Amino acid sequence: MAVSGFEGFEKRLELHFFGDDPAIFPLGLRKLEFESLEQVLEAVQCTVVSAVGNSYFDAYVLSESSLFVYPTKIIIKTCGTTQLLKSILPLIQYAHHLGLALCSCRYTRGSFIFPKSQPFPHTSFKDEVTYLQDTIPSNLCFRKASIMPSKSSSHSWHVFTANDTTHTLPHMPYVHDNELLFTMEICMTELDPILARKFFRPSEDGKPGDSAGKEMTELTGINEINPEALICDFAFDPCGYSMNGMDGDWYSTIHVTPEDGFSYASFECVSSVNDNIAHVLRKVVKIFRPGTMSISTTWNGFGNDIWRQMASAVEPLGMKCRSFAMDQFPAAGTVVFQTFTARRKSV
Ligand SMILES: C[S@+](CC[C@H](N)C(=O)[O-])C[C@H]1O[C@@H](n2cnc3c(N)ncnc32)[C@H](O)[C@@H]1O
């Protein structure tokens with residue numbers, strides 16, 4: 001942990017692979033040995049604390065956030081002072097042994113609370129982009145880095161995407177039964193202190209992290225966000241919480257740093273424009289009651305106004321939209337970054 005506090009803001013990496021040999025499917029990357037994943041995580045400086053899988057993907061709760069492994073996609077999200085980008089090279093190498101090659105890379109993060117505590121290559125977005133440019137293979141030629149602003153200089157959304165020419169929009173068009181899918185990443189700070197207390201364990205409760213986590217999931221109402229989801233949860237000692245949800249091939253994930261002064265929670269999920277995203281958003285806001293919140297929405301395509309629905313969903317709960325930014329990424333789709341503050345706060 002940084003001397004000043006724990007860095008809740010996660011770094012998030014999404015890698016897509018392709019392979020021509022039908023023998024590697026249907027499992028693909030899920031064939032990776034657990035020891036190989038452990039070595040990747042050692043480079044990042046975190047460990048697996050809990051794992052679960054269904055017929056579509058494997059979900060790992062990490063000491064610092066989460067890892068999802070699909071047959072041709074890996075999503076890895078880590079917080080604290082982890083060195084997430086150091087996972088890229090070993091992942092490319094392990095995937096190569098399975099007959100899979102990288103065709104798409106997306107890196108995103110918010111603004112760190114303690115930027116000076118970050119080790120290389122996370123010392124600045126410029127360093128991260130240089131590291132990414134030098135690490136990913138040259139076939140990923142559609143590249144763009146962007147810092148999406150808000151009204152506050154301390155809240156920006158950092159995005160780097162790179163894609164090859166032949167497997168553009170690999171994980172998408174993000175259409176599932178004719179529905180447009182999107183990824184939503186919510187970052188919340190200044191959590192309501194009474195609600196944040198629920199993510200502290202009673203002292204010396206003697207319970208393992210998974211059963212203490214299950215209690216937190218129920219006590220806080222996290223289990224009601226998507227009652228269909230299979231939840232893998234973990235409570236840290238003395239405080240802190242992580243969970244991964246699995247609903248068919250859709251994942252969701254929550255991470256909570258409840259300590260006063262640097263409290264933070266994140267929620268991320270995949271959803272469809274036809275789903276009741278307002279219900280999900282309202283539940284999330286009610287669980288944490290953040291003073292500030294950002295929502296980043298990513299989809300492959302143009303002209304979608306899902307972000308309007310998001311603003312309408314949270315405004316009745318006292319969250320006022322303070323900024324909106326939209327950017328497009330070559331062969332990688334559209335990102336919208338919205339920030340909100342609670343009306344109880346002055347701006
Ligand atoms: C790993 S969790 C959730 C991470 C998530 N990205 C977040 O921002 O909240 C972080 C919380 O767990 C606490 N914690 C307790 N023991 C920890 C450990 N061994 N490793 C990481 N975090 C720990 C931290 O102080 C913090 O409150």
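Which residues does UniProt list for "active site"? I looked them up first: the unreviewed entry gives S65, C79, S242 and H255. I kept in mind that the model I have open is predicted.

**C79.** I found C79 in the loop between strand 5 (73-78) and helix 2 (88-97). C79 counts as buried because 26 other C-beta atoms lie within 10 Å, and the cut-off for that is 20 or more. Leaving out residues up to four places away in sequence, I noted that C79 touches E7, G8, F9, E10, E64, S65 and H255.

**S242.** I placed S242 in strand 12 (residues 241-247). S242 is buried too, with 28 other C-beta atoms within 10 Å.

**Ligand.** I then turned to the ligand, which 18 residues surround, the closest being G8, C79, G240, H255 and T257. Strand 13 (250-257) and strand 14 (264-272) are the elements that give two or more residues to this shell, and strand 13 has the largest share, with 3 residues. By class, I logged 7 nonpolar, 8 polar and 3 charged residues in the shell.

**Whole chain.** Last, I stepped back to the protein chain, which has 7 helices and 17 strands. Its radius of gyration is 19 Å, close to the 20 Å that the globule rule gives for 347 residues, so the chain is as compact as a globular protein of that length. I also noted that buried residues make up 46% of the 347.

Methods
Residues are numbered from 1 along each chain as its sequence is written. This is a predicted model: local features need pLDDT of at least 70, side-chain atom pairs count only at pLDDT 80 or more; totals for chains, interfaces and linings use all residues. Helices (H or I, at least four residues) and strands (E, at least two) are DSSP runs, numbered from the N terminus. The radius of gyration is taken over C-alpha atoms; the globule rule is 2.2 Å times the number of residues to the power 0.38. A residue is buried if 20 or more other C-beta atoms lie within 10 Å of its own, exposed if 12 or fewer, and partly exposed in between; C-beta atoms are placed from the backbone. A residue is near a molecule or strand if its C-beta atom, placed from the backbone, lies within 6 Å of it. Ala, Val, Leu, Ile, Met, Phe, Trp, Tyr, Cys and Pro count as nonpolar, Asp, Glu, Lys and Arg as charged, and the others, Gly among them, as polar. UniProt positions are given in the numbering used here, feature names are shortened, and annotations may be inferred rather than shown by experiment. Two residues are in contact if their C-beta atoms, placed from the backbone, lie within 7 Å.
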